[in-house]
Amino acid sequence: MYEGILQNLIDEFGKLPGIGPKSAQRIAFYIVQSESYNPANLSSILATIRESIKFCEVCGNVADDVRCAICRDPRRRGDMICVVEEAKDVVAIERTREFRGTYHVLGGAISPIDGVGPADLRIAQLLERLRDTSITEVILATDPNLEGEATATYLARLLADFGITITRLASGLPVGGDLEYADEVTLGRAFEGRTRL
Amino acid sequence: MRIAGVQLSAWRNYDQQVAVFDSSPTVLIGPNGQGKTNFVEAITYAARGKSHRVSADSALVRSGHTEAHIRMRVAHGERTLDVDVVVKSSGSNQVRLNGQPAKKRDLIRLLPIVMFAPEDMDIVRGEPQARRDFLDDLLALSIPRFAGVLADYDRVVRQRNTLLKSLRSAPADADLSPLDAWTENLIVLAGQIMRERRRIIDRLRPDFARDYIAIAGGDARASLALVESLGDAVDSAQIEERLRELFHVKHSEERDRGTTLFGPHRDDLHIALNELPSRTHSSQGEAWSLAIALRLAMVDITRETSTVGDPVVILDDVFSELDAARRERLAAHLSDIEHIIITAADSASVPESVGGMRYLVTGGVMTRA
């Protein structure tokens, strides 16, 4: 334990996801001691980030305006919506440049243990968007874990009567990997989802 | 497969311990409370990523330390594998295989271990949970993928139960569609587990009956039957359909009780000797022979399915529970296993015929006898 304010700083970093006690200590000492690093930039951003950040009123993605850059972009296809758990999933899918539709960020996945139910997610807003009859396909891209699967199952049932095509991202082998090192669950899924050549 | 060496630091009552095993069996002798079981627990921990005795890792780290290390080298023919596990008293532990980060669920297929322990008596006489645990261990050993399926199922049941509890206080017309989503995912996993349990019990049955006679002598018929929460025998292809039906019909009862009433977590294994239920009708000696026959059948099945040779067989304080004739039969039955590790408080309880290298364990220190 260090004294006073330094320990407070370490504790604050330690509360952040992905930062353990050692990293928290390293970052704190770097901020305190490094001559080349100016913590004023970080502190001014941190002071206003929560007030200045906006979430797109359409899709829930992080935005710098009322609507995010993707929802504002007229070149994006309006007939496909890709449903994801978090804004960082949008970034991941955007990197592929495969998808030209728009997104819908749920803000999490259904998990009773964590007290998260459908009402805590942006599902009502999704239903609202689907009133637009030009939308023909909803892609469920929630995480391939238990909570993500349950959320996808829930949404698939909820949207079944909308007359829209509902699809789920495929699970399978990582590209560039070795078959022999794939875990059994992934390999089993890849078999289930095999495609005809 | 055999264990070539183990290195422990700050594990249970061990400070620093290096043990090299170049032959089988390995016999650990020492009074109770000196660290014999702690040592074999380290081996099973490195092979499973969990303890068979405690659920919280904090008990595994020597007092005054924040983390314990287990390093273990296993060998199968010319191939060796180094397992390196860091157990932290708080926070998640780390597993490395040959220096590369690995997941706990990868361990079971690379390090098959069958352990016989005094707690095995619970499989015969204890609560259904002990028998389900036995079946699940056996499933994971014979189909490594199932370690993950079982863990997933466990989590889905917990999620669903939490939801059922929260619905208990909800109005009668509450939206049940989130429950339906969990039910559907639970059914998919339950179906896989139940089908595989049926298959593995069919496979276990003849070995179990034969192994019982091999240990107990005589000609008593030891038998196994799965008792499923589904009720009357349901065809394997119809498990999912039947579950769906039950969950539909019984959902208000489930909400009242706040728990999932059907599925493999509610099943039991019925063990009988000459058609009499062993849980209530077996003598102490019979119950021990049944427990040992179950573990031996587990060894048989694991030997057939393993890709890395025999499982390592650990007999933790088991000989002392048996009479001389059963000790000899058990030792004879396991004599061709590649590596057996035996612990005993009294070296006289280990049959002479076992031979092997003996070690003394006192106060968390192991030395060659």
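Visitor: Is T151(A) buried or exposed?
Guide: In this predicted model, local features need a pLDDT of at least 70 and side-chain atom pairs count only at pLDDT 80 or more, while totals for chains, interfaces and linings use all residues. T151(A) lies in helix α7 of chain A, residues 146-158, where helices (H or I, at least four residues) and strands (E, at least two) are DSSP runs numbered from the N terminus. The relative accessible area of T151(A) is 0%, and the classes are buried under 20%, exposed over 50% and partly exposed in between, with a 1.4 Å probe and protein chains only. T151(A) is therefore buried.

Visitor: Which residues is T151(A) in contact with, leaving aside its neighbours within four places in sequence?
Guide: Residues are numbered from 1 along each chain as its sequence is written, chains are lettered from A and ligands numbered from 1 in the order in which they are written, and side-chain values use heavy atoms, with hydrogens and water left out. Contact means heavy atoms within 4.5 Å. With those sequence neighbours set aside, the partners of T151(A) are L106(A), A109(A), I110(A), L121(A) and T142(A).

Visitor: What area do chain B and chain A bury between them?
Guide: The contact involves 19 residues of chain B and 15 residues of chain A. In chain B, the residues that lose the most area to chain A are R145(B), Q159(B) and W182(B), together 28% of what that side buries. Buried area is the accessible area (1.4 Å probe) that two parts lose on being put together, summed over both; 61% of it here is on carbon and sulfur atoms, and the total is about 1600 Å².

Visitor: How many residue pairs are in polar contact between chain B and chain A?
Guide: A polar contact is a pair of N or O atoms within 3.5 Å; within protein, one must be able to donate a hydrogen and the other to accept it, and residues adjacent in sequence count only if both atoms are side-chain atoms. With both residues at pLDDT 80 or more, the count between chain B and chain A is 6 residue pairs.

Visitor: Which residue of chain A forms a salt bridge with R155(B)?
Guide: A salt bridge is a side-chain nitrogen of Lys or Arg within 4 Å of a carboxyl oxygen of Asp or Glu, and this rule finds 2 salt bridges across the interface of chain B and chain A. For R155(B), the closest N and O atoms are 2.7 Å apart, and the partner is E147(A).

Visitor: How far apart are the C-alpha centres of domain 1 of chain B and domain 2 of chain B?
Guide: Chain B is divided into domain 1 (1-112 + 307-369) and domain 2 (120-305), with bounds that come from an automatic or database domain assignment. Between these domains of chain B, 19 residues of domain 1 are in contact with 22 residues of domain 2, and the area buried is about 1800 Å². The distance between their C-alpha centres is 28 Å.

Visitor: Which helix gives the most to the side of domain 1 of chain B that touches domain 2 of chain B?
Guide: Across this interface of the two domains of chain B, the rule finds 6 residue pairs in polar contact, both at pLDDT 80 or more. Helices α2 (104-110) and α11 (324-333) of chain B each supply at least two residues of the side of domain 1 that touches domain 2. The helix that gives the most, with 4 residues, is α11(B).

Visitor: How many residues apart in sequence are the parts that E240(B) and R195(B) tie together?
Guide: E240(B) forms a salt bridge with R195(B), their closest N and O atoms being 2.6 Å apart. E240(B) lies in helix α7 of chain B (residues 239-249) and R195(B) in helix α6 of chain B, so the pair ties together parts that are separated in sequence by 45 residues.

Visitor: Is E240(B) buried or exposed?
Guide: R195(B), its salt-bridge partner, is partly exposed, with a relative accessible area of 30%. E240(B) has a relative accessibility of 18%, and therefore counts as buried.

Visitor: Is D64(A) buried or exposed?
Guide: D64(A) forms a salt bridge with R72(A), with the closest N and O atoms 3.7 Å apart. R72(A) is partly exposed at a relative accessible area of 41%. At 61% relative accessibility, D64(A) counts as exposed.
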